[in-house]
Amino acid sequence: MRICAVMKYPPIQGGVSAQSYWMARGLAEAGHEVHVVTNADEVEPEHRIIFDEDDREWLAPAFGQGRVHLHGTEPLSPTLTHIPQSNPFTGKLAGSAAEVVRRYGCDLIYSYYLEPYGVAAHLAASWTGVPYLVRNAGSDVGRLMNHLGLATTYREVLRRADGICSGSPYPYLGMGVRPEALYRGPPSHLPRSCFSPQVVPLDIPLHAARMQREHPHLVSNARPIDPAVPIIGVYGKLGIAKGSYDLLRALARLKAEGRRFQLVALARSRNMDTYFRVLEELGLAASTWVLPFVPHWKVGRFIRACRAVCFLERDFPITFHAPTVPREVLASGTCLILSGEIASKQRFRERIIAGENALVVPDPKVHADLAHALRLVIDDAALAARIGQNGAELLVDGREEQPAGRGYEPIFQDVLERRGGRPSTLPLADRGLPETREEALRTLVPALFEALGERAGAAVESFVSAHPSPGAGCFADAAAFCEWVLNHQTQGDAQLRDVARYCERLVWLGTTRAEEERLPLYDRVDRWGADNRNAPIQAMLRLVPTRSNLLRIERFEVLPPGLPPGREGSGPGACIVVFHKQPNMNGHHFRVNTWTAGLLERCDGTKTAQALLDAEAARTGRPAEELERPLLEALQLFHQKGLIVLSAPDSAINVAFSHA
């Protein structure tokens with residue numbers, strides 16, 4: 001099989017690049033010809049892997065008939081100048097992919113990460129007539145897709161794809177993707193030749209000294225690393241949600257106690273100045289080394305050289321983000337210090353025993369708890385080694401042993417057969433799809449089934465008898481079921497009535513409707529994030545808050561399941577719930593008080609924040625100075641959650657769409 005793969009690739013760092021690399025290499029080992037089309041050589045310095053001479057042979061490996069071919073993009077230069085200036089990645093990648101498909105006779109196009117790779121794959125496929133597949137990560141669907149314009153672009157790319165490799169199929173079904181195009185994405189691969197307790201540890205002192213000689217601008221500390229002092233390791237992106245600053249503050253506590261350690265970070269961010277400033281403020285600069293990223297095939301060697309490796313992601317805004325770092329550390333047999341949030345996302349979470357096969361810190365923001373875990377491994381090398389050895393056994397279940405890329409072969413073959421007019425031969429269960437209407441209903445509205453109790457089976461049977469066809473898909477079917485329960489099962493049962501209404505709204509959160517696609521997410525263009533990133537919060541007063549067109553506020557007489565009780569309401573359990581649909585179909589809902597609901601309802605795009613403040617002062621009889629801070633902080637939170645945009649008043653350029 002000849003595959004054109006449009007995706008991230010080394011020297012880009014990160015999990016998507018790593019999994020793309022191992023997939024391409026694995027398919028080549030299996031005898032396939034993989035043509036990688038990538039803009040990897042144009043990656044920014046803060047996300048670039050530094051290669052040694054011996055790394056070059058890894059980039060385009062050959063295995064008899066199977067091999068990886070690399071096709072890069074033309075670097076940005078004065079000849080590519082245009083106004084407004086950008087690096088035209090999508091156009092360059094799409095054109096290169098089309099050329100590769102035609103020149104080498106590729107059977108299909110595979111892409112990983114929607115921007116710009118999935119969009120480019122869609123264009124190249126439409127030009128060449130070959131099928132294309134898409135795999136998304138976390139931030140493309142979880143963050144980028146919820147922005148103006150990108151939502152429509154990504155939705156159209158996904159709907160037209162011949163195959164989507166996903167985790168849960170339901171968000172894509174809600175977007176209108178054809179069920180036959182959905183496949184369960186193969187698990188990320190860990191090559192045991194690079195991640196195991198038998199891997200030769202990296203000589204970190206020697207490596208750091210060489211980086212200092214060859215790339216001094218990328219090394220934070222010119223002092224030599226002492227091989228006799230414990231090394232605490234981290235690798236990947238830095239940031240607040242990554243727990244990077246929690247780790248520094250916990251280590252500062254241990255430094256104050258007189259403990260000796262060395263922090264080595266293969267890490268970068270777009271705001272390194274802040275990280276370095278905090279290191280200085282906490283007195284950790286002399287015992288911390290920030291080094292460049294190493295190639296994916298050397299990460300395991302770095303892990304093996306550390307006393308412990310931390311992965312402390314917490315409060316991450318993309319809830320379905322599932323990084324591979326914890327598995328890489330466990331597979332390497334090194335002690336893992338892990339946040340509770342990430343521990344709960346592991347498929348083997350029930351077998352994680354804190355203190356036995358990992359050190360779990362429930363909330364890294366509690367720096368005393370994080371310092372306690374670090375203190376254990378710094379003080380006791382034997383304990384750290386034993387935890388690391390036990391951690392490696394968590395992955396011994398056969399799933400890690402499948403050769404990289406082999407899980408894609410049946411998916412690719414199925415796509416080609418379907419394109420040839422033959423039906424899919426992969427079972428629905430293997431593709432993550434529901435096998436029956438009742439299974440789909442139970443998945444989409446579990447709270448309603450729980451509320452129905454013993455009546456659920458008969459209710460489904462009666463519903464199916466009255467609606468023999470599921471109509472326009474499982475979400476439409478679930479909405480119809482909620483409405484049917486409201487009309488036929490709730491007489492005199494206020495709790496069941498509100499549960500049915502609540503579930504109907506949850507179904508609405510997960511599906512795209514044709515009439516909603518004709519409206520923009522917001523009627524105005526947001527200016528706060530772009531123009532006022534460093535402005536004081538008071539600058540918000542001159543802007544116009546406008547709530548999302550996909551936001552609904554509902555009032556319930558009885559508290560629906562899963563929501564915490566509140567301190568106010570018109571009756572026992574009464575509550576107000578905000579339902580916020582997002583283009584990626586991962587909307588959210590939460591309980592609010594009467595004041596918050598009223599403020600959101602008044603964010604209708606007709607008044608500035610100052611006007612809202614003045615009206616609130618007049619309504620309550622309280623001084624505006626007293627109300628200003630809480631009102632602005634509420635608007636700021638609304639903006640962070642994507643509930644509103646803040647636009648300049650009376651400016652035609654702010655209008656996202658003109659309405660006839």
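Modeller: The second largest pocket has a lining of 24 residues, and nearest its centre lie Leu-173, Ala-472, Gly-473, Cys-474 and Phe-475. On a 1 Å grid over the protein atoms alone, a pocket is an open set of points where a 1.4 Å probe fits, with protein on both sides within 12 Å along at least five of seven lines; lining residues have an atom within 4 Å of a point. This is a predicted model, in which local features need pLDDT of at least 70 and side-chain atom pairs count only at pLDDT 80 or more, while totals for chains, interfaces and linings use all residues. Residues are numbered from 1 along each chain as its sequence is written, and side-chain values use heavy atoms, with hydrogens and water left out.

The volume of this pocket is about 470 Å³, taken as the space filled by probe spheres set on the grid points, which are joined across faces, edges and corners. At least two lining residues come from each of α7 (170-175), α17 (437-444) and α20 (474-488); helices are DSSP runs (H or I, at least four residues), numbered from the N terminus. α20 gives the largest share, 4 residues. By class, the lining holds 13 nonpolar, 6 polar and 5 charged residues. Here Ala, Val, Leu, Ile, Met, Phe, Trp, Tyr, Cys and Pro count as nonpolar, Asp, Glu, Lys and Arg as charged, and the others, Gly among them, as polar.

Phe-481 is in contact (heavy atoms within 4.5 Å) with residues including Leu-441, Val-445 and Leu-448, leaving aside neighbours within four places in sequence.
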